Amino acid sequence: MKQKTIIIITGILLSVTCCAQNQYFQRYDDSILLKKDNDALIDDFEVMIKQVSPTFSFNGLSTEIPDRFMPGMYLHRTNKIYHITWQTGWPPMQNFLTKITGTTDSAQLMGMLFFHGFYFPHEVGHALQYHTQMVPDNKYDEEYEANVMAVLYWRSKGRYQELQQCLTLARKVLAHLKNPVPENEDQKTYITQHYDELLKDPFQYGYIQFSQIAQILEDTTLPDFKTYVKRYFDK
């Protein structure tokens, strides 16, 4: 009986630990937890890549949590991924997200799904591009490939429900956003040439990101994570 009780308690503790370590797609109020969870994701990403290329390393890639608003991003000169807590990110994003989703509740859901979930492996995808010297020659493809990596990573973790929610919201907001690329302009060339300008306008940049994400999530021809990763090493 005593042994059985210990087994049950151990199982409960493992379950609690698993849940505590798996807060992705939820709001992060704690900068320490945000860094811990994203660093764990980076480590997991590297382990999965090593199954394709055993000598690969992110060379100490880690997460930095700034105390001022900035978009989530990977900077290769510091080899860090920058993410912000809910308290830092929500106030400047609130009006934009509420306007494109229609309600405060849906805006908060979108913030959690994308900024504290979907985009975690997206930024690691950018790091992979730089560490393999396989950065695309245009900004459209650079973002597209990072979005593919995010989708395939979360699929490998069984997060289909969250990805479906991302697709539903992406479709919803695209109805309120306008394609910033003028007619008769090459999409990849225009976005590359005006990238910094587009990045400053959440309505224009949002269209680019969410249209890509919807397209990728609806693509039934994508391979699994490991198969896709091989392209970065088949030089």
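**View 1. Helices α4 and α9 pack at an angle of about 75°, their axes 14 Å apart.** The two helices are therefore roughly perpendicular to each other (65 to 115 degrees; under 35 counts as roughly parallel, over 145 as roughly antiparallel, and the rest as oblique). From α4, the contact uses Met110, Phe114, Phe118, Tyr119 and His122; from α9, Gln209, Phe210 and Ile213. Contact means heavy atoms within 4.5 Å. Its residues divide into six nonpolar, two polar and no charged. Ala, Val, Leu, Ile, Met, Phe, Trp, Tyr, Cys and Pro count as nonpolar, Asp, Glu, Lys and Arg as charged, and the others, Gly among them, as polar.

This is a predicted model, in which local features need pLDDT of at least 70 and side-chain atom pairs count only at pLDDT 80 or more, while totals for chains, interfaces and linings use all residues. Residues are numbered from 1 along each chain as its sequence is written, and side-chain values use heavy atoms, with hydrogens and water left out. Helices (H or I, at least four residues) and strands (E, at least two) are DSSP runs, numbered from the N terminus. Axes are lines fitted to C-alpha atoms, for helices over the stretch in contact, and angles run from 0 to 180 degrees between N-to-C directions.

**View 2. Helices α4 and α5 pack at an angle of about 125°, with axes 7 Å apart.** That angle makes α4 oblique to α5. The crossing is right-handed. A crossing is right-handed if the near helix is turned clockwise from the far one by less than a right angle, and left-handed if anticlockwise. Among the α4 residues here are Gly117, Pro121, His126 and Tyr130; the α5 side includes Glu142, Ala146, Met149 and Trp154. The contact holds eleven nonpolar, six polar and three charged residues.

**View 3. Helix α6 (residues 160-174) packs with α4 at about 125°, with axes 10 Å apart.** That makes α4 oblique to α6. Here α4 passes α6 in a left-handed crossing. Ser106, Leu109, Met110, Leu113, Phe114 and Phe118 of α4 take part, and Leu163, Cys166 and Leu169 are among their partners in α6. Nine of the contact residues are nonpolar, two polar and two charged.

**View 4. The largest pocket has a volume of about 970 Å³.** A pocket is an open set of points on a 1 Å grid over the protein atoms alone, with protein on both sides within 12 Å along at least five of seven lines; lining residues have an atom within 4 Å of a point. Of its 39 lining residues, Pro71, Gly72, Glu123, Leu199 and Tyr205 are the closest to its centre. Helix α4 gives the most to the lining, with eight residues.

Terms used. On a 1 Å grid over the protein atoms alone, a cavity is a set of points where a 1.4 Å probe fits but cannot get out, and a pocket is an open set with protein on both sides within 12 Å along at least five of seven lines; lining residues have an atom within 4 Å of a point. Grid points are joined across faces, edges and corners, and a volume is the space filled by probe spheres set on the points.
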